[in-house]
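Please work through each task before reading its solution.

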Amino acid sequence: MNKNLLFLKRKKAKELHEKGWSNRKIARSLLTNKDSISKWIKLNEKEILIDKRGWKKGFPRKYTLEQKEGIIQVRKELEKENSYFFGAKVVKKNYENQIGLKVSNSFVDRTLREAGMVKSPQKKRKGLSRYMKYPQRTLTKLGKSMMSIDFIGPKYLHGSSESVSFLSCKYIRPQKHGIVKRVNSQTTEQTIKILKEVWKDNPIPDVIKADNDSAFGTNLSHDKCIGKLALFFLNLGITPLYIAPRSPWNNGENEGFNSVFSKKFWNKLQFTDEDEIDVKIKDFNIAYEKYSNLISNNPKTDSNEKHIDDFKNINLENKHVKNFKTQIIYFLRIVRRKNEKGSDKEYGFIEILNQEIKMPKKLINLFVFCALDLKSKKLIISSELDDGSLKKIKSIKFEIKNIIY
């Protein structure tokens, strides 16, 4: 568009706006788009006559070429140091710490992409689980601190038939911190052993998210029984939260951390034996802690946090409900269909501790949030409403067989 014509359109837009015309009507009259009109009517008399179009390609308007070169240099330095983490977020924080000046995420990402140093990230599709009534708001209110755990593996060393497995521990809130430890096997005993090691120096969370692996306390062969790990949690005052079966994205924080571990550690390095893995994994955990503190603005440690040494005199295998530090277990479940769709025998159901619970047909394929109160022997099943509140659907008697009331 000719400069003079642009200036005339801007002036005309302001005149029509002052007469009470809507932005949409002005846009139709001047043959332009509504967004341009919204910008033009805010310009003063001097700004109307300024044309910022035609900026030379490769020359940033807000930032200087020296700043772009500085961003690239920080990225190169991180690579030379063999850092595990040198993505756009890390480069941005390191650059800001060096020069004491804030820069935008888009500027750093664009600079690194133009230099061929990072790949364009895939856009996240938000709201995919909303139609299933996934209780996201409810989960954010469960306890001040939350951790998720998951097994990684089995994996194999080059030329060896012996498998290697890991326990992944990811703090979700208030800190965003991850720790990986090698385990001899994917069992309850190994899980407890590793968690005791982790909680010597790291705080015991209020809530732990876990999948339905038998080592984590569910999918047991006996109905309405909980495993040794669940008892371990309850005696420590940790509320277990078991995610929906076959829905690993329910534990997305841990799945993401596991992906980082595989990409940055397991697929990147070479190991001769398990002892070398144990040495190098310590470096990875330290590097990830620095990375988390750099990009996540982790809060300072709470002086009231508990560690495993605070429970030296507690029987962590106790089965008496009255002695549990917490008496609640949470479950996320998707209501599944029983029998043929549309038939008279069709109904919804969920399964908790090998116990099938009938649910209304209208809830099929939707999430429900279940709270098992061991003291009152009640299982309350709820659905999250649009405002984040819970609507009780069902309350049934549910007594665990292997604990003492």
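**Exercise 1.** Is Glu79 buried, partly exposed or exposed?

*Solution.* The model is predicted, so local features require pLDDT of at least 70 and side-chain atom pairs pLDDT 80 or more, while totals for chains, interfaces and linings use all residues. Residues are numbered from 1 along each chain as its sequence is written, and side-chain values use heavy atoms, with hydrogens and water left out.
Step 1: the classes are buried (under 20% relative accessible area), exposed (over 50%) and partly exposed (in between), with a 1.4 Å probe and protein chains only.
Step 2: Glu79 has a relative accessible area of 40% and is therefore partly exposed.

**Exercise 2.** Determine which residue forms a salt bridge with Glu79, and describe the pair.

*Solution.* 
Step 1: a salt bridge requires a side-chain nitrogen of Lys or Arg within 4 Å of a carboxyl oxygen of Asp or Glu.
Step 2: the partner is Arg75, with the closest N and O atoms 2.7 Å apart.
Step 3: Arg75 and Glu79 are four residues apart in helix α5, and so are separated by about one helical turn; helices here are DSSP runs of H or I with at least four residues, strands are runs of E with at least two, and both are numbered from the N terminus.
Step 4: Arg75 is buried, because its relative accessibility is 6%.

**Exercise 3.** Identify the elements joined by the salt bridge between Arg182 and Asp278.

*Solution.* 
Step 1: the side chains of Arg182 and Asp278 meet at 2.8 Å, N to O.
Step 2: Arg182 lies in strand β3 (residues 177-183) and Asp278 in helix α12, so the pair ties together parts 96 residues apart in sequence.
Step 3: Arg182 counts as buried at 18% relative accessibility, and Asp278 as partly exposed at 25%.

**Exercise 4.** Characterise the packing of helix α11 against helix α12.

*Solution.* 
Step 1: helix α11 (residues 252-266) and helix α12 (residues 274-296) pack at about 125°, with their axes 11 Å apart.
Step 2: α11 is therefore oblique to α12, since angles under 35 degrees count as roughly parallel, over 145 as roughly antiparallel, 65 to 115 as roughly perpendicular and the rest as oblique.
Step 3: the contact (heavy atoms within 4.5 Å) involves residues including Phe257 and Trp266 of α11 and Ile277 and Tyr288 of α12.

Notes. Axes are lines fitted to C-alpha atoms, for helices over the stretch in contact, and angles run from 0 to 180 degrees between N-to-C directions.
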